Amino acid sequence: ITTKPDEICDELSEAFECGITKIAVQGGYSKSDKTMVYFILDRFQISKMKDIVHTVDERAYITITEVADVFKANI
């Protein structure tokens with residue numbers, strides 16, 4: 001969760017060559033508008049991702065959730 005989503009997305013996209021989703025969010029306590037950056041990577045990329053995100057925004061929140069599988073819709 002960040003106030004610098006475009007910069008973070010640019011850096012992550014360049015580093016990992018993957019799709020990224022941006023979701024508008026609002027702080028429950030602060031009521032400030034922020035953006036959640038959502039994307040999937042493997043466990044070996046986590047350290048690099050943290051470094052990139054915190055280089056761009058040292059106040060960004062990062063959560064990591066294990067994903068069992070990823071399916072792409074056939075549209």
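Modeller: Helices (H or I, at least four residues) and strands (E, at least two) are DSSP runs, numbered from the N terminus. Lys31 sits in the loop between S1 and strand S2 (33–38). This is a predicted model, where local features need pLDDT of at least 70 and side-chain atom pairs count only at pLDDT 80 or more, while totals for chains, interfaces and linings use all residues. Residues are numbered from 1 along each chain as its sequence is written, and side-chain values use heavy atoms, with hydrogens and water left out.

Colleague: What is the phi of Lys31?

Modeller: Lys31 is not a glycine, yet its phi is positive, at about 65 degrees.

Colleague: And is Lys31 buried or exposed?

Modeller: Lys31 is exposed, with a relative accessible area of 52%. Buried means under 20% relative accessible area, exposed over 50%, and partly exposed in between (1.4 Å probe, protein chains only).

Colleague: Changing topic, how many salt bridges are there?

Modeller: The count comes to one salt bridge, a term for a side-chain nitrogen of Lys or Arg within 4 Å of a carboxyl oxygen of Asp or Glu. Lys22 forms it with Asp6, and the closest N and O atoms are 2.6 Å apart.

Colleague: Which parts does the pair tie together?

Modeller: Lys22 lies in strand S1 (residues 21–26) and Asp6 in helix H1 (residues 5–16), so the pair links parts that are 16 residues apart in sequence. Lys22 is partly exposed at 44% relative accessibility, and Asp6 is partly exposed at 43%.

Colleague: Which residues gather in the patch of negative charge?

Modeller: Glu7, Asp10, Glu11, Glu14 and Glu17 gather there, on the surface. Patches are made of residues with over 30% relative accessible area and no salt bridge; like charges are joined within 9 Å, and nonpolar side chains (Val, Leu, Ile, Met, Phe, Trp, Tyr) within 5 Å. Lys and Arg count as positive and Asp and Glu as negative, with His and the chain ends not counted. The place of a charge is NZ of Lys, CZ of Arg, CG of Asp or CD of Glu.

Colleague: Where is Glu17?

Modeller: Glu17 is in the loop between H1 and S1, and it is exposed at 72%. Its phi is positive, near 50 degrees, in a residue other than glycine. Asp10 belongs to helix H1 and is exposed at 53%.

Colleague: Which residues make the nonpolar surface patch?

Modeller: Ile23, Tyr38, Ile40, Val67 and Val70 make a patch of about 420 Å². Accessible areas come from the Shrake-Rupley method with a 1.4 Å probe; for residues, only the protein chains shown count as cover. Ile23 is in strand S1 and is partly exposed at 35%.
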